[in-house]
Amino acid sequence: MDAPPTAVTVSRTLAQRLSATPRGARLARHLAVAQLHAWGGVFAAPDVIDKVSVIVAELAANAVTHGRVPGRDFELRVSVVTGSVRVEVTDTRAERRPPAPGVVAPRGVLDDGGRGLVLVDALADRWEVVERDCGGAPGKTVRAEVDLPLRRRP
């Protein structure tokens with residue numbers, strides 16, 4: 001008797017540790033965009049790539065600037081969850097937490113910085129800050145999701 005067919009699940013996840021430097025932040029954005037192109041289809045839609053690119057750039061820059069602990073890396077994770085692309089950036093600094101979604105205040109025109117989370121808040125369909133999930137190690141994860149466009153059937 002033949003064995004029953006086995007369901008095949010394709011995992012769409014990129015996980016990479018990167019140095020907590022400006023170069024590591026740039027590389028995070030390039031890796032995320034390259035992965036979306038490699039997945040193709042709705043993942044490579046220009047709107048999705050543009051949003052994910054900016055979100056990764058801002059979250060990685062924040063991890064390098066505000067979440068950096070000397071000698072520790074940050075982690076980028078880009079994955080597909082039902083109907084959206086999820087971006088997670090984890091750093092090792094637990095005591096410096098960004099404001100919650102909806103509480104991010106826009107910066108003044110002449111301010112030098114502080115616009116990263118304003119962009120994330122505007123571009124992500126959902127985002128949150130959660131404790132780092134790594135066996136009790138200190139840190140935090142900023143998680144943002146970009147909804148995928150609906151596919152229309154011909």
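**Sheet, helices and salt bridges**

Asp73 has a relative accessible area of 30%, so Asp73 is partly exposed; buried means under 20%, exposed over 50%, and partly exposed in between (1.4 Å probe, protein chains only). The model is predicted: local features need pLDDT of at least 70, side-chain atom pairs count only at pLDDT 80 or more, and totals for chains, interfaces and linings use all residues. Residues are numbered from 1 along each chain as its sequence is written, and side-chain values use heavy atoms, without hydrogens and water.

Asp73 and Arg17 meet through their side chains in a salt bridge (3.4 Å, N to O), that is, a side-chain nitrogen of Lys or Arg within 4 Å of a carboxyl oxygen of Asp or Glu. Because Arg17 lies in strand 1 and Asp73 in the loop between helix 2 and strand 2, this pair ties together parts 56 residues apart in sequence. Arg17 counts as exposed, at 58% relative accessibility.

Strands are DSSP runs (E, at least two residues), as are helices (H or I, at least four), numbered from the N terminus; two strands pair if DSSP finds at least two bridges between them.

The structure holds 9 salt bridges.
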